[in-house]
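I opened this model to look up its packing, its fold and its pockets. My entries follow.

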Amino acid sequence: MILLVDSYCGTMDATIAHLLPIFLFLLKDDFPDVRLNIISKLDQANQVIGTDLLSQSVLPAIVELAEDRNWRVRLAIIEYLPLLASQLGVKFFDDKLGALCIQWLQDKVYSIRDAAANNLKRLAEEFGPDWAMQHIIPQVLEMIDNPHYLYRMTVLRAISLLAPAMGPEITCSKLLPVVISASNDRVPNVKFNVAKVLQSLIPIVDHSVVENTIRPCLVELNEDPDVDVRFSANQAIQGIDHVMMSS
């Protein structure tokens, strides 16, 4: 397929007539490895097809593959998405693909949820904090009340990845309160991850926030009945002490 793409480079009419139908057909092949191989060539195909045709013809197939039954196909689409976003631009991305990015955070496969969290970080870096505040942050933070603890953990993972891209102000006003609230979660694994996220936020926020908000929460977690929660909290407190001593 990629040899065909190369041979048609620069001949748009031939691409439309010959390559595009084949490309779309193979994106729906019964074998996951075929679909994966075609997805891996999307960037090179776009150099021939162009953004307009990509959005009109290929994008609907990509949206369909975003819910593919094979998790490796879904993963490949997620990993391709930031590049697609940069090619299509922010408005088209918002209209067609934005909801999928949040939906993947609740996928049943851990690798998909983790890739989705990383995808949000890359999109926030691509489109900026203002865009993320409108299209990502509220939807992500709402999921902290999800009844399934694995999805609540995914939210914490997303927060830790998004915080550097969002900056100290948004981290303090929007992200940190959600993490602090999650420290009261009934599930030890969630509280364990709260301590890890709080430690990751130390370099981002002001020292006064660390001492007045983050440290008290960690001290409380350090008294938790669960040994793993206490361990994670203690590690984070040591991290604070190290930063304070070296500053």
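**Entry: tryptophan 104**

I began with tryptophan 104, which touches Ala66, Ile77, Ile78, Leu81, Ile112, Arg113, Ala116 and Asn119, leaving out residues up to four places away in sequence. Contact here means heavy atoms within 4.5 Å.

I note the ground rules: this is a predicted model, where local features need pLDDT of at least 70, side-chain atom pairs count only at pLDDT 80 or more, and totals for chains, interfaces and linings use all residues. Residues are numbered from 1 along each chain as its sequence is written, and side-chain values use heavy atoms, with hydrogens and water left out.

**Entry: the core**

I looked up the largest nonpolar core and found 81 residues. Such a core is a set of buried Ala, Val, Leu, Ile, Met, Phe, Trp, Tyr and Cys residues joined through side-chain atoms within 4.5 Å. Trp104, Ile136, Ile214 and Leu218 touch the most other members. Helix 12 supplies the largest share of this core, 15 residues.

**Entry: leucine 162**

I then picked leucine 162, in helix 12. Is leucine 162 buried or exposed? Leucine 162 is buried, as its relative accessible area is 0%. The cut-offs are under 20% for buried, over 50% for exposed and partly exposed in between, with a 1.4 Å probe and protein chains only. Leucine 162 touches Leu120, Lys121, Ala124, Ile136 and Ile137, again without residues up to four places away in sequence.

**Entry: the whole chain**

I counted 15 helices and 0 strands. These are DSSP runs, numbered from the N terminus: helices are H or I with at least four residues, strands E with at least two. Of the 247 residues, 49% count as buried. Among contacts with a separation of 6 or more, 65% join residues 24 or more positions apart.

**Entry: the largest pocket**

I looked up the volume of the largest pocket: about 290 Å³. A pocket is an open set of points on a 1 Å grid over the protein atoms alone, with protein on both sides within 12 Å along at least five of seven lines; lining residues have an atom within 4 Å of a point. Points are joined across faces, edges and corners, and the volume is the space filled by probe spheres set on them.

The lining has 13 residues, with Tyr110, Asp114, Met153, Arg157 and Asn193 nearest the centre. Helix 9 (110-127), helix 12 (149-182) and helix 13 (188-201) each give two or more residues. Helix 12 gives the most, with 6 residues.

Conventions. 1 Å grid on protein atoms, 1.4 Å probe; cavity = no way out; pocket = protein on both sides within 12 Å on 5 of 7 lines; lining within 4 Å.
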